[in-house]
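The following exercises are meant for a reader who meets this structure for the first time.

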Amino acid sequence: MLDPTHIRFVLNGAETELTVDAAELLVDMLRGPCKLKGTKRSCDVEVCGACTVLVDGLPVSSCTTLAIDIDGKKVTTIEGLSQNGKLSKVQQAFLDHAAMQCGFCTSGMVLATTALLEQKPHASEAEIRHFLHGNICRCTGYVKILEAVKSLV
Amino acid sequence: MSSRAPSPHPDHVDKVTGRTEYITDVEVPGMVHGKILRSPHPHAVIKGIDASAALEMPGVIAVLTGADVAALNNHWGLYLKDRPVIAIDRVRYVGEPVAMVAAADERIAEEALEAISVDYEPLPFVTDATEAIEASAPLVHETHDTVKDFYFKGEAKPVAGTNIFQRYNYEHGDVEKAFAQADRCFEAKYEFPMIFHYAMEPHCVIASFQSDGLTLWSCGQSPTAIQKVLSRVFGMPLARIRIISPNVGGGFGGKASVKIDPLVAALAWKARRPVRVCLSVSESMLTARRLSASIRVKTGVRNDGTILAKSVSVLMNGGAYADTGPAVAVKAANRAIGPYRIPNLKLESMAAYTNTVPGAAFRSIGGPQAVWASESQMDEIAEALRLDPLEIRNRNLLRRGEHVRPDLRPIDVEMGEAMDIATREMTQLRASDSGSKTHRGTALGISDPGIMAVSSVLLRLKIDGSVAVVSNSVEIGQGVREVLRRLTAEQLKQPVDVVEVLTPDTAIAPFDWGTGASRSSLMMGLAIADAAADIRRQIADIAAIVLEVDPQSVELCEGGIAIGNRKKTFGELLHAYFGIDSGELVSIGRVSPYSNAGKLAQAPLFWETAAGQCAVAVDEDTGEISVRHYVSVADVGRVVNRAAAEGQDEGATVMGLGHTLSEELVYQDGQPINATMIDYHVPTIDEVPENFVTVLIESGTGPGLGGMRGMGEGAILPVAPAVANALAAGYGARIRELPLTPERVWRAIRDRKER
C-alpha cells in the first residue's frame, strides 16, 4: 500500500485538510472521515451517477475518483448546495415537482443538474437528456425529473 | 383528496438535501464489517474450506462457514425450507455465499476473502428451466421440505424426485372441446428473460446480538417475515428479535420476504459483535432476480374474434432456491387470463429449480411475463382475422362485475373505459406530432394482488395534539410515509403537519404482513381508520367524564374537540383528565380477513389493472426502437398523493421499457455473464418517451379508504406487449422473445422483407 498522503481542498466552501490513503476513493473519504453521507454509493463502476459530486464545478463520479486527486480543488456535495438553510433553485425544483421516490439517486441528480445549468442556463430538452444520461433513477421513470429540470431553463 | 395541500413533504426535503438516513448510512456503535466469499461454480460439492490464513490477518475478527451453522436450525424458506443460512456442503449457483469474514473494516474483510481457499468438486449443472424438468437433469435439491401457511397462505406443490418445486392447475369449461369447435386456433410460445431489480441502494443489513436479543437494521420490505425466519434459525422467541427498517433506496420486490438477513445475523452470532454487511450492486445481482418464463398460449376464437377457449402453460425458471417462486408461478398463470370473457379456460404453471440466482418477487409477480404472452397473442389474432386490435379487445372485454374466473372476485373496474381514454389521449399526442412516423400498440393488463389482509398500526395522540403513527410499512421510495401521514390526518381531522410517521421497528410497531403487493396504502390505511375510530371513542368517553357532555355530541376538530360551538384543545381535555399537563392516548388499529364484514377475505381484494398505449418508431437500419409517446391509464379508485401516484405509474412504465428493450440477465456455461452495471443496461433519461401521459381514474370503487385500491404495480404490465404490437403493426415483425434488442428487431424486419 502506498503511503498516506496529505491533501488540502475546499469542501462545500470550507478549507479542509486530510490525510488519506493513496488508494482511498473520494466516495469513501466523503462518507467516512468527512461524515457527508448524502453522497450515495451504488454501481461502483461510474455508470449510475448516484455518487456524483462537483469537482471545480464539474460532475464526477466519486466512486471512481481517488481522494488524492482532489488535492487543491473545490468539491461540492449535496450538503453544500443549500445556503443558510435555503434550498438551491435546483433542490427547490425537485421538491416542487416531486422529482424523486426512494431518493437514492437524488443527490447525484441534483448536483448533475446544477452543473448543467451552470454550463447551459437555457439547455434544450435534448441537452438535458444528454447531460443527465449518466444519472440513473430506477424509481421515477425520469418523467418528473425532466419536468423539474425543464422548469429551470 | 379532501385534506388540504400539505406543506413541503418532509421526506422530500430530507432527500433533496442529502439528510435522509438510509440503511447504508446507519452506524451502530462497535459494529464491524462483513464480506462474502461467493461460489464461482454453478453446482459443486464443497470438499473443504481452509480459512486459517484469513483468521491470522490483522483486523480479522471471525470467519463463518457452513461448519459453523451446524448448531442452528440451518435451513429456511417461506414456502420450502431449501436454503442454508450459508452453503453447507454444496453450492447451487454462481454467487452463492460460501464463507464470510468479519473484520475491522471493509477493506480488510475483502482482502481476507482472498486468503480463504475452498476445495470444490464440480457437479453437473442446469441453468435452463426446460432442461431442468427433463428426467435426465441434475437435481438441484434431492428432497422438498414444504412449509404450510408459514408466511404465505397455503403451500407449494413440488414434484418428488424432480426439479419442479411448484405446480399449479386450474380449469373451467371444456377447453379441448371448445378448441375443436373454434373457427381458428392460435398457439405460440413467448419468452421473458431474467430481470434484475436494480434498486439503486444495494442490500444492506446490520445485525447485533445483545442481552435483550437480536436486533437487525434491515433493508427488507417484510420486517415480520425476517423476524419469523430468524426466530426459527436461532431458536429464539419472536419477542427477542427486533427488526428496524430505516429508509431503503428502492426495493421492487428484490428486498421482499427474506434475503441476506439470516446470513448477516449468523456472522454477528459468530463474531459476537455487531456486524454490518453492505453488498455491492454486483452482489445484489447475485442475490435476487425476476423469474424468467416460457409461456405457451393457445386461444380458440370464432371468425368474428370472439374468444371461445384459452389455455396457458407457464414454465418458470426459479433458480437455486424457491424463495417466493411458488407464488410467482401461480400469479403468472392467473395474470395471463386477461380482462376477457373466456368461457373455457385452462391454466397450468410450473416453476423449476436451476443452478442460477434465486428467483424472487418483482413488481407484479409473474404479471409482466404473463401479460407479455397474452397480449402479444391478442394482436396476432386480430391481425390474422383482419380486426382492429382495439375491436377484438372490445368484443371480448369483461364489464365491471363480470367474472375473470368464477372462483375469484369479479372484476371491479371498467377496462373498456381505461382503453378508450388511452386511445383518446394517444390520438391527441400523435395528432400533435405530425412530424414523425409512428405506429401504435395497445395492451391491457389485469392482476390479482396477493394481499394478506393482516395489518395493524398504533396511533399515539400526544397531549400537544401531535400524532405518532407507528407501523411496519417500510419506506422504499413508494411514498408510504406521506400517504399514511395524510390518511391519519384525514381520519383524525387534523392538519398533516402534526402527524409524524415513525421509522418501522418491530419492537414498538405491531404486526404487519409486509410492504409489497400494492397493499400498504390500502391495508395500513384501513388499520389507521380502525385506530382513529378507537381514538375518537376514547376522546368522547373522556369528554363525557371531564366535561359532563353526551359522548355522541363530541366531534374532533383541528387541535382538539368540538361539542357544538364549544371547543377544547386536546391539551385542555387531557390535562383535565390526567390531572397533569402530560400524557397521551394510544390506540391500535387492526385489519384481518374478518374485517369489514368479511369483505377483505375474498381474493383478490381488488383488481390492479392498466391500459397502455405507445407510439413507436424504428430505425430500420439499426433496429433500434424509439418509444415516442406513451399513455398509461388505470382505475386506482382514489388518489391520496397525486404526484407520488403518477410517479408510481411513470416509474413502473419506464421499468417496463427496460425489460422490453434492453434488460436480460444472461447465463452461459453456468455463469451469469452480464451481472455488472456496465453490462446490464437499465433505462436512462434519454430513453423516456417524449410525451408521457398518466391518467388515474378515481372511481372510488376500491376496498380502501375513500374507495382506493392499491397501485404501483399495474402500469408495468402492458408495456412490453404494447411495444411489440406496435412493432408488428408498423413493420410486420412479430417478436416473441424479450428484450426487443436492436439486433432482434433488425433481423425480424429483414426476415420479413425477405419473405
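**Exercise 1. Determine how far apart the centres of domain 1 and domain 2 of chain A lie, and describe where the two domains touch.**

Solution. In this predicted model, the centres of the two domains of chain A, taken over C-alpha atoms, are separated by 20 Å. The domain assignment places domain 1 at residues 5-80 and domain 2 at residues 89-150. Next, consider the contact itself: 15 residues of domain 1 of chain A meet 13 residues of domain 2 of chain A. On the side of domain 1 that touches domain 2, β3 (52-55) and β4 (58-61) of chain A are the elements that give two or more residues. The largest share, three residues, belongs to β3(A). Sorted by class, this side of domain 1 holds eight nonpolar, six polar and one charged residues.

**Exercise 2. Characterise the side of chain A that touches chain B.**

Solution. First, the extent of the contact: 40 residues of chain A are in contact with 41 residues of chain B. Second, the elements: α2 (89-96), α3 (106-119), α4 (125-131) and α5 (143-150) of chain A each supply at least two residues of this side. The largest share comes from α5(A), with four residues. Third, the classes: the side of chain A that touches chain B comprises 22 nonpolar, twelve polar and six charged residues.

**Exercise 3. Decide whether α10(B) and α17(B) are roughly parallel or roughly antiparallel, and describe their contact.**

Solution. Helix α10 (residues 367-384) and helix α17 (residues 719-731) of chain B pack at an angle of about 25°, with their axes 8 Å apart. Angles under 35 degrees count as roughly parallel, and therefore α10(B) is roughly parallel to α17(B). The crossing in which α10(B) passes α17(B) is right-handed. Among the residues of α10(B) that take part in the contact are Pro368(B), Trp372(B) and Asp379(B), while those of α17(B) include Ala720(B) and Asn725(B). By class, the residues of this contact divide into seven nonpolar, two polar and three charged.

Methods
Residues numbered from 1 in each chain as written. Chains lettered and ligands numbered in written order. Predicted model: local features only at pLDDT ≥ 70, side-chain atom pairs only at ≥ 80, totals over all residues. Contact = placed C-beta atoms within 7 Å. Nonpolar A, V, L, I, M, F, W, Y, C, P; charged D, E, K, R; others polar. Axes fitted to C-alpha atoms, helices over the stretch in contact; angles between N-to-C directions. Parallel < 35°, antiparallel > 145°, perpendicular 65-115°, else oblique. Left-handed = near helix turned anticlockwise from the far one by under 90°. Domains from an automatic or database assignment.
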